[in-house]
Amino acid sequence: MSKLAVSQKIKLAVSNGEHKTQRIKVGGVEVGGDQLIVMAGPCSVESLEQMLEAARAVKDAGAHIIRGGAYKPRTLPYSFQGLGEEGLKILSEAREETKLPIITEVLSPEDVELVENYTDILQIGSRNMQNYNLLKKVGKANKPVLLKRGMSATIEEWLGCAEYILNEGNREVILCERGIRTYETITRNTLDVSAVPVIKQLSHLPIIADPSHGTGVRSLVNPMAKASVVAGADGLLIEVHPEPEKALSDGDQSLHPNEFNNLMKELTPLVRAIGKQM
Ligand code: PEP
Ligand code: MN
């Protein structure tokens, strides 16, 4: 088998030779183990009512980790920017009620300590993959980091960014393929499913896939979630909203709770077929 190669200067994010995926404990579950870990919830935390409804729905369908954005990196300054700390408090209530861990994005180095106090996983978004000051800051945090691939980043650049976090001492990095910019315009991004086996061959870091941002289209989330799982992803990040038509962000790609429930049911035989559990 020909060997995939990246710069030999990347040491901590790349494993030489045979390696097992690192297991990263989050609450009662492990990312990178035999279980497919599903993180689900709305793009943005909009209100206590909306977040609790979403959290209950994804928990009932079998999700392991609750997501919701309190600080939102929006394309335009006129769009909803998130509830900030109020959103973090709402997320804590969702954790309290569901007893599931939570993941949320941190946008700037100044907010890392605050966000770390509330969340179980710190999410670094696609637009911030190369925000080196932010990477160094979360590299000193005591919580696992989910590092999304930059929308125009090569896999080598992405691993270089993981290296920044690892080099500061935080050895718990989960990678997330969320789609890249290509010439295609029908989809919002092109989900690079091949990044999953590439990372599996190069690195011990767990990798999950985000078919919501990876396609931008609700009807494509289900098939691309399945493709990612069969390609070997350790988990999925899926946007689910109680009323996607009324969502303040990413409604077009958010699943209705019943669609998420169906997806979880349809994933079960695929997960078993590749020797994992749901
Ligand atoms: C998100 O998860 O809502 C998000 C903003 O994702 P990305 O950074 O991949 O665009
Ligand atoms: Mn989103």
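**Close-up 1. Thr187 and its surroundings.** The side chain of Thr187 comes within reach of the backbone oxygen of Asn189, at 3.2 Å. That is a polar contact, meaning N or O atoms within 3.5 Å, where within protein one must be able to donate a hydrogen and the other to accept it, and residues adjacent in sequence count only if both atoms are side-chain atoms. This is a predicted model, where local features need pLDDT of at least 70 and side-chain atom pairs pLDDT 80 or more, while totals for chains, interfaces and linings use all residues. Residues are numbered from 1 along each chain as its sequence is written, chains are lettered from A and ligands numbered from 1 in the order written, and side-chain values use heavy atoms, without hydrogens and water.

Thr187 is buried, at 18% relative accessible area (buried is under 20%, with a 1.4 Å probe and protein chains only). Beyond four places in sequence, Thr187 touches Thr215 and Leu220 (contact: heavy atoms within 4.5 Å).

**Close-up 2. Ser249 and its partners.** Ser249 is buried too, with a relative accessible area of 4%. Its side chain makes a polar contact of 2.6 Å with that of Ser44. Leaving out neighbours within four places in sequence, Ser249 also has Cys43, Glu46, Lys72 and Arg74 among its contacts.

**Close-up 3. The second largest pocket.** Here 19 residues form the lining, with Pro73, Arg127, Arg188, His213 and Asp250 nearest the centre. A pocket is an open set of points on a 1 Å grid over the protein atoms alone, where a 1.4 Å probe fits, with protein on both sides within 12 Å along at least five of seven lines; lining residues have an atom within 4 Å of a point.

Note on methods
Buried means under 20% relative accessible area, exposed over 50%, partly exposed in between (1.4 Å probe, protein chains only).
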